[in-house]
Amino acid sequence: MPAPDVAALLADLERSDPDCAEDARGAIEWLSGGEPLETITELAVCEFLWYTLPTKVSGDRPATARALGRLLRLGGLERYAALCSSSVTAQILRTYARAGEDAGIAAYQAALDARGVLPPDVPELRWSSIMGPEELGAHGACSAALELAIVSGELAPGSTRDRKALTRRWLTTPRADLGGDNWLHRVQGERLNRWVLGRGAAWRELAQPFEVRLHAPIPAPAGEHLAALRWLLRRGGEPGGVPLVPDPPDSEDVKGPADTKGPTDSAGPADTKGPTDSAGPADTKGPEGPEGPGAPVVVPAVLAAPSGTPGRWGGDELAAAGEAAQRMGALDRDGRALVTTAAGRRLLGDAELLWEAATTALLSPVSHEHDLGVSAREVALMLLADGLPADRESVASVIGCEEERRSEIDASLAGLTRLLDAFGLRAGGELTSAGRAAALAALRGHALRPRRYVSMG
C-alpha cells in the first residue's frame with residue numbers, strides 16, 4: 001500500500017498515462033516500501049536503478065526507470081528523477097542486458113562510488129554485507145549526511161578523506177534521537193548481541209557474560225609484549241632477513257612441534273621453553289638469534305631452546321610467531337629468507353597497532369581451517385579468560401560436533417596454544433594478565449567483525 005502522497009501522485013499519473021503509472025507503481029513499491037517520498041535517499045534510488053531493477057524486476061526495465069522518473073518529478077524530486085533518465089542509468093542497464101550480471105554489478109559499483117554517497121569503511125567500523133536493523137539505520141543516516149554535504153557544496157564526491165571524516169563524525173557523535181547514544185555504539189551492540197545469541201544454548205550460556213565485558217575497547221596492557229614477534233620483525237629488516245632452511249637438522253636438540261599430539265589439558269603443551277612472562281626477554285632488541293650472536297634463525301623451525309638459557313625462545317615459538325607475522329602481512333618470503341614488509345615496519349613502530357594485529361591473529365583462520373576450528377578457538381579463549389580448562393571435551397561440549405570432526409578441534413586448539421606461547425601470553429599453563437587482555441581483545445574484534453556473504457566458489 002503506497003503512502004498517501006505517493007498514492008495521490010500515482011492517481012494523477014494514471015489519468016494521463018495508465019501504462020506508465022503501472023510501471024511507476026511497481027518501482028516505487030520496491031524503492032520506498034510504502035514510506036512517504038521524503039524518506040527516499042539518493043543511495044536508495046541508485047541501488048534500485050542500478051541493482052534491484054536489473055536483477056530482481058522483470059519486464060521492460062528502461063521503461064520502468066523512465067516511469068519512476070516521471071513519478072519522482074511529479075513529487076518535486078528533480079535530482080532523483082534525473083537519475084532515472086540519465087545516460088549512466090541507461091548504460092548500466094545495457095551492460096546487464098548485454099554482458100551479464102557480473103559486468104552489470106561492476107558498472108553499478110563504479111557508478112555508485114562516483115556519486116560519493118556510499119559511506120566508506122572507517123577505522124571504527126567496516127560495513128557489513130548483511131546488516132541488521134541498527135546497522136541499516138546507521139548506514140542510511142551516514143549516506144543521507146554525505147548526500148546533503150555534496151548537494152550543499154561542502155563535500156566533493158571524489159574526496160575519500162573528507163567522506164571518511166564525515167562518516168566518522170556521524171557515527172561517533174551522540175544524537176538526541178538515539179537518547180544520547182551514537183550510531184557506532186548501536187551497531188557494535190547489535191553485532192555483539194548477534195554473536196552471543198547466534199550459536200545455540202551452550203554457546204549463549206558461556207558467551208552471555210562477555211557481552212558486557214566486550215562492550216568497551218580492551219586497552220593494550222602497559223609494557224612491551226610480543227617479544228619474539230618484535231625480534232623477528234627487527235631481524236627481518238636487517239640485511240639477509242630471517243634465513244630459512246627446508247628441514248631442521250637431526251640432533252638431540254631437535255624436537256617435533258610441542259603440539260603434535262594435541263592439547264592434553266587447558267594449558268596445552270608444556271611451556272617451560274617459552275618466556276616466563278608477557279614481557280619476554282629483556283635483551284630481545286639485539287640482533288642475535290635464540291642460540292647466540294650471529295646464529296641463523298630457522299622459520300619454520302622446531303629447535304628447542306638450549307638448556308640453561310632462560311628467557312630464550314624455542315624454534316617452535318619462533319616458527320609460530322613467523323607464521324603469524326606472514327598472515328599479518330608483516331613478513332614476506334624472499335627466496336630463502338623472510339623479510340619485513342612495509343606493513344611490518346609500521347607495526348614495529350606502533351605498539352598499539354602491533355598489539356591489535358597480534359590479538360586479531362589469535363582468531364584469524366589459518367590454512368585449511370574451517371569455521372568449526374575458529375569456533376573452537378573462540379570457545380577456548382572464553383574458557384581461558386575465565387581461568388577454566390580449554391581441553392577438547394570442554395570446547396566440544398559448547399560448540400557441538402560429530403566425533404569424526406574432533407580432530408579438527410584438536411588441531412585448532414594446538415595451534416592456539418602454540419601461538420599463545422609464541423606471543424608470550426601464557427605462564428605456568430595459564431594466561432598471563434596480558435594474555436587475558438589479548439583473549440578479550442581477540443574475542444571483541446571477532447564479535448564486531450562485519451558480516452559477509454559466504455562465497456561457495
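**Notes on the model**

1. Asp-60 sits in the loop that links helix H3 (42-56) to helix H4 (61-74); helices are DSSP runs of H or I with at least four residues, numbered from the N terminus. The model is predicted: local features need pLDDT of at least 70, side-chain atom pairs count only at pLDDT 80 or more, and totals for chains, interfaces and linings use all residues. Residues are numbered from 1 along each chain as its sequence is written, and side-chain values use heavy atoms, with hydrogens and water left out.

2. Asp-60 is partly exposed, at 47% relative accessible area (buried is under 20%, exposed over 50%, partly exposed in between; 1.4 Å probe, protein chains only). Together with Asp-19, Glu-22, Asp-23 and Glu-29, Asp-60 makes up a surface patch of negative charge. Such a patch takes residues with over 30% relative accessible area and no salt bridge, like charges being joined within 9 Å; a salt bridge is a side-chain nitrogen of Lys or Arg within 4 Å of a carboxyl oxygen of Asp or Glu.

3. The whole structure holds 2 aromatic pairs. Trp-195 and Trp-203 form an edge-to-face pair, with 5.8 Å between centres and 80 degrees between planes (centres within 6.5 Å; planes under 30 degrees apart are stacked, over 60 edge-to-face, the rest tilted). Trp-195 is buried at 4% relative accessible area, and Trp-203 is buried at 1%.

4. Leu-226 has a positive phi, near 60 degrees. Most residues other than glycine have a negative phi. Leu-226 lies in the loop between helix H11 (201-213) and helix H12 (227-236) and is buried, at 2% relative accessibility.

Methods. Patches are made of residues with over 30% relative accessible area and no salt bridge: like charges are joined within 9 Å, nonpolar side chains (Val, Leu, Ile, Met, Phe, Trp, Tyr) within 5 Å. Accessible areas come from the Shrake-Rupley method with a 1.4 Å probe; for residues, only the protein chains shown count as cover. Lys and Arg count as positive and Asp and Glu as negative; His and the chain ends are not counted. The place of a charge is taken as NZ of Lys, CZ of Arg, CG of Asp or CD of Glu. Helices (H or I, at least four residues) and strands (E, at least two) are DSSP runs, numbered from the N terminus. Rings of Phe, Tyr and Trp (its six-membered ring) pair if their centres lie within 6.5 Å; planes under 30 degrees apart count as stacked, over 60 as edge-to-face and the rest as tilted.
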